[in-house]
Amino acid sequence: MANYYQPEIETMPYDQLRQLQNERLVKQVRHVWDNVPYYRKKMEEKGLTPEDIQSVDDLHKLPFLTKADLRDAYPYGLMGKPKSECVRIHSTSGTTGKRVMAFYTQHDIDLWEDCCARAIVAAGGTKEDVLHVSYGYGLFTGGMGLHGGGHKVGCLTLPMSSGNTDRQLQFMEDLGSTILCCTPSYAAYLAESIHERGLQDKIHLKAGIFGAEAWSEDMRRDIENKLGIKAYDIFGLTELSGPGVSFECEEQTGMHINEDHFIAEIIDPDTGEVLPEGTKGELVFTSLTKEAFPLLRYRTRDICVLSRKKCSCGRTFVKMAKPMGRSDDMLIIRGVNVFPSQIETVLMQQGYAANYQIIVDRVNNSDTFEVMVEMTPDMFSDSLAKVARAEKELVGALKSMLGIAAKVKLVAPKSITRSEGKAVRVIDKRKI
Ligand code: ADP
Ligand code: ZN
């Protein structure tokens with residue numbers, strides 16, 4: 001069994017890595033120019049030919065691709081290989097609009113699974129592990145990505161997919177699952193269910209690989225404590241293959257980007273200008289090795305920071321902080337920018353679980369902003385006056401984090417629908 005910790009690549013000195021990226025970028029730009037007329041036209045409009053891109057230093061000259069381009073070129077317009085050479089289609093989960101399609105050759109699948117294998121190894125996975133994959137299987141990339149990675153590492157891989165919580169727990173117990181892969185919101189739900197059923201002693205998980213949506217550090221700690229595991233973040237997007245674009249190591253201070261396959265940039269979302277390391281902005285990726293869907297300078301709309309600070313794990317790949325949400329997750333309420341992740345942080349700090357929903361509406365030309373939060377089980381028997389006091393405290397804490405006032409409603413435990421995939425946190429009635 002191959003070892004999917006690849007120190008010769010993952011701990012490569014920066015100048016060598018840069019050299020590898022330079023070579024791959026030049027080749028990739030040529031591939032796109034020759035095979036993707038849609039992007040070639042964009043380059044021509046800027047007066048560019050492949051010769052203008054000699055190294056990563058020239059990357060900034062290339063035009064961006066956005067989700068709008070993907071929709072324009074829907075479905076096959078950005079393919080870099082004929083259909084006959086592709087073997088798989090996935091699509092985004094459509095969290096923020098129409099789904100986009102992504103295509104893979106067998107080679108693309110192979111490299112994607114390598115990236116997921118690296119993530120599993122970084123979370124301590126070996127061939128001794130039972131890898132319990134509760135990401136959805138199907139069009140969504142989560143299930144099949146981690147599944148393929150699990151095979152590569154040699155884990156005994158269990159393709160549970162999401163849903164049917166009783167069966168999840170039964171299999172976890174019977175088969176002795178050691179690593180759980182799912183969205184953090186589903187992990188929180190499973191953790192809650194394990195406690196309710198008093199199954200803590202029967203579950204032998206040691207690690208979790210959770211991603212596909214934004215989650216806070218407080219939520220991480222909560223899941224870790226409830227499940228007695230170490231919880232690792234993993235990031236990716238369908239357009240770039242799926243999960244495994246970046247992954248956390250034991251230091252848990254950001255996700256190492258697989259820089260032999262992807263170049264990351266941070267740009268100012270308004271001007272498109274490339275920002276220096278350590279500055280917050282929009283994450284942009286260039287895929288260096290993908291054949292079937294070779295996106296150059298793809299704007300993710302995720303807001304994030306990069307860091308090349310030395311990591312104790314020895315990996316030299318740049319780290320991205322937890323994205324604080326997508327620019328399109330950001331709500332503008334009464335003129336103030338509000339990210340659901342900020343609300344989550346406040347709730348967790350105040351001792352609530354991450355079960356909440358944000359409802360925004362417009363009444364008489366003014367925005368209304370309500371946060372529904374589940375009471376903790378012990379609050380349920382409290383007097384109305386006590387609940388009202390707790391609501392008031394939350395209003396204050398939210399106001400000092402966000403700068404605007406929200407109405408808070410504490411609702412009965414378990415009354416907010418649990419998610420088996422990506423959680424739906426926001427109901428923005430202004431858009432309906
Ligand atoms: P959709 O855009 O329909 O949700 P995807 O399933 O491809 O489609 O989701 C990719 C997006 O999910 C990323 O752009 C990012 O916003 C979010 N995401 C993925 N992993 C993480 C993570 N670990 N932390 C925060 N957000 C994440
Ligand atoms: Zn590290």
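Which residues does Ala423 touch, not counting residues up to four places away in sequence? In this predicted model, Ala423 touches Ser185 and Glu213 when those neighbours in sequence are left aside. Ala423 itself is placed in the loop between β19 (407-411) and β20 (426-428). The C-alpha atom of Ala423 is separated by 25 Å from that of Glu173, a residue 250 positions away along the chain.

The chain as a whole can now be considered. It contains eleven helices and 20 strands. Its radius of gyration is 22 Å, close to the 22 Å that the globule rule gives for 432 residues, so the chain is as compact as a globular protein of that length. Of the 432 residues, 56% count as buried. Among the contacts with a separation of 6 or more, 66% are accounted for by residues 24 or more positions apart. The chain exposes about 18,400 Å², and carbon and sulfur atoms supply 51% of that area. As for charge, the chain has 54 positive and 59 negative charges, and their mean positions are 3 Å apart.

The buried residues of α2 are Leu17, Leu20, Gln21, Asn22, Leu25, Gln28, Val29, His31, Val32 and Trp33. These buried residues pack against α3 (37-45), β10 (262-267) and β11 (281-287).

Helix α5 has 17 residues and reaches 24 Å from its first C-alpha to its last, close to the 24 Å expected at 1.5 Å a residue. This helix is mostly covered, with 14 of its 17 residues buried. Asp110 lies in α5, which covers residues 106-122. With a relative accessibility of 32%, Asp110 counts as partly exposed. The C-alpha atom of Asp110 is separated by 8.4 Å from that of Gly148, which is 38 residues away along the chain. Just after α5, Gly124 takes a positive phi of about 90°.

The 13 residues of α8 (residues 184-196) should span 18 Å at 1.5 Å a residue, and its end C-alpha atoms are 18 Å apart, which agrees. Just after α8, Gly198 takes a positive phi of about 65°.

Ser307 is found in strand β13 (residues 306-307). At 27% relative accessibility, Ser307 counts as partly exposed. Apart from residues up to four places away in sequence, Ser307 touches Glu277, Val318 and Lys319. The C-alpha atoms of Ser307 and Val318 are separated by 5.9 Å, and these residues are eleven positions apart along the chain.

The backbone also deserves attention. Most residues other than glycine have a negative phi, and most peptide bonds are trans. Arg301, although not a glycine, has a positive phi of about 70°. Arg301 lies in strand β12 (residues 298-304) and is partly exposed, with a relative accessible area of 25%. Asn364 is likewise not a glycine, and it has a positive phi of about 50°. The place of Asn364 is the loop between β17 (356-363) and β18 (366-374). Is Asn364 buried or exposed? At 74% relative accessibility, Asn364 counts as exposed, since the cut-off for this class is over 50%.

A last backbone feature concerns a peptide bond. Tyr74 and Pro75 are joined by a cis peptide bond, with omega at about -5°. Pro75 is placed in the loop between α4 (67-72) and β1 (88-91).

Methods:
Residues numbered from 1 in each chain as written. Chains lettered and ligands numbered in written order. Predicted model: local features only at pLDDT ≥ 70, side-chain atom pairs only at ≥ 80, totals over all residues. Heavy atoms only, no water. Helix = DSSP H or I, 4+ residues; strand = E, 2+ residues; numbered from the N terminus. Rg over C-alpha atoms; globule rule 2.2 N^0.38 Å. Buried < 20%, exposed > 50% of the residue type's maximum accessible area, 1.4 Å probe, protein only. Contact = heavy atoms within 4.5 Å. Areas by Shrake-Rupley, 256 points an atom, 1.4 Å probe, with all protein chains shown as cover. Lys, Arg positive; Asp, Glu negative; His and termini not counted. Charge placed at Lys NZ, Arg CZ, Asp CG, Glu CD. Expected span 1.5 Å × (residues − 1).
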